[in-house]
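Dear colleague,

I am handing over the structure we spoke about, and I would ask you to keep it open while you read the notes that follow.

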Amino acid sequence: MGARLRVFLTREQDKTLRNLRTEDVPQKVKDRAEVIRLSANGWYVEKIAVHLNWTPQTVREILHKWKRLGMEGLWELPGRGGKARWKEEDIVFLEECLKKEPRTYNSPQLAKKLYCDRLIKLSPDRLRRVLKKRGSIGSGQEKVIKENKTP
């Protein structure tokens with residue numbers, strides 16, 4: 001049987017973790033801070049897991065991460081997967097072209113225009129989805145709702 005997994009906190013660390021409950025941070029960060037504080041108060045991994053309705057392995061991972069990284073271990077790392085190849089300025093450029101030019105474009109033509117003018121390679125399907133998600137022509141991203149869909 002291995003040694004008991006427990007963390008020890010200074011007063012400043014405990015105060016910082018306690019203050020995270022009232023800060024505007026994601027709920028996961030608040031839960032992780034609570035796990036660390038409970039461990040520092042003498043709770044066993046299994047008891048913390050039952051209290052939060054988590055698996056003991058999840059609690060252990062959080063405690064190990066705290067020992068390795070400290071406060072940085074509370075927050076999520078950037079997500080996996082492909083990052084966006086386009087920037088907001090690229091979509092604004094296309095919207096300006098749609099407003100100013102008298103002709104109409106379909107999505108393959110827009111994708112070709114984006115590649116020729118900006119060297120951004122985006123599939124017509126993806127481009128259509130990005131424009132649809134924006135909902136209306138404007139500078140900010142908006143959710144598509146019935147009122148701002150184009151007829």
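**What was found**

Helix α5 passes helix α6 in a right-handed crossing. Please keep in mind throughout that this is a predicted model. The axes of α5, which covers residues 88-100, and α6, which covers residues 107-118, come within 11 Å and cross at roughly 115 degrees. On the α5 side the residues that meet the partner helix are Glu 89, Asp 90, Phe 93, Leu 94, Cys 97 and Leu 98, and on the α6 side they are Leu 110, Lys 113, Leu 114, Asp 117 and Arg 118. Sorted by class, the residues of this contact are six nonpolar and five charged, with no polar ones.

Asp 90 deserves a careful look, and you will find this residue in helix α5. Is Asp 90 buried or exposed? Asp 90 has a relative accessible area of 6%, which is under the 20% limit, and therefore counts as buried. The side chain of Asp 90 is joined to the side chain of Arg 118 by a polar contact of 2.9 Å. If neighbours within four places in sequence are left aside, Asp 90 is in contact with Leu 114, Arg 118 and Ile 120.

To place this in the whole protein, the secondary structure comes to seven helices and zero strands, and the pattern along the sequence reads α-α-α-α-α-α-α. Of the 151 residues in the protein, 30% are buried.

A second pair of helices to look at is α1, residues 11-19, and α2, which pack at an angle of about 140 degrees with their axes 9 Å apart. The crossing of α1 and α2 is left-handed. Asp 14, Leu 17 and Arg 18 of α1 make this contact with Ala 33, Ile 36 and Arg 37 of α2, and the classes there are three nonpolar, no polar and three charged residues.

Next comes the interior. In soluble globular proteins, nonpolar side chains tend to be buried together. Here the largest nonpolar core has 19 residues, and those with the most contacts inside this core are Leu 17, Leu 20, Ile 36, Val 59, Leu 63 and Leu 74. Which elements give two or more residues to this core? They are α2 (27-40), α3 (45-52) and α4 (56-69), and the largest share, six residues, comes from α2. Leu 20, once its neighbours within four places in sequence are left aside, is in contact with Val 25, Val 29, Lys 30, Ala 33, Met 71, Leu 74 and Trp 75. There is also a second, separate core of 11 residues, which includes Tyr 105, Ala 111, Ile 120 and Leu 122.

Finally, please turn to Ser 39, whose place is in helix α2. Ser 39 is buried, because its relative accessible area is 1%, which lies under the 20% limit. The side chain of Ser 39 reaches the backbone nitrogen of Val 7 at 3.3 Å. Beyond its neighbours within four places in sequence, Ser 39 is in contact with Leu 5, Arg 6, Val 7, Ile 48 and Leu 63, and Leu 63 is also among the residues with the most contacts inside the largest nonpolar core.

With best wishes

Conventions. Residues numbered from 1 in each chain as written. Predicted model: local features only at pLDDT ≥ 70, side-chain atom pairs only at ≥ 80, totals over all residues. Heavy atoms only, no water. Core = buried A, V, L, I, M, F, W, Y, C linked by side-chain atoms within 4.5 Å. Buried < 20%, exposed > 50% of the residue type's maximum accessible area, 1.4 Å probe, protein only. Helix = DSSP H or I, 4+ residues; strand = E, 2+ residues; numbered from the N terminus. Contact = heavy atoms within 4.5 Å. Axes fitted to C-alpha atoms, helices over the stretch in contact; angles between N-to-C directions. Left-handed = near helix turned anticlockwise from the far one by under 90°. Nonpolar A, V, L, I, M, F, W, Y, C, P; charged D, E, K, R; others polar. Polar contact = N/O pair within 3.5 Å; in protein donor to acceptor, adjacent residues only side chain to side chain.
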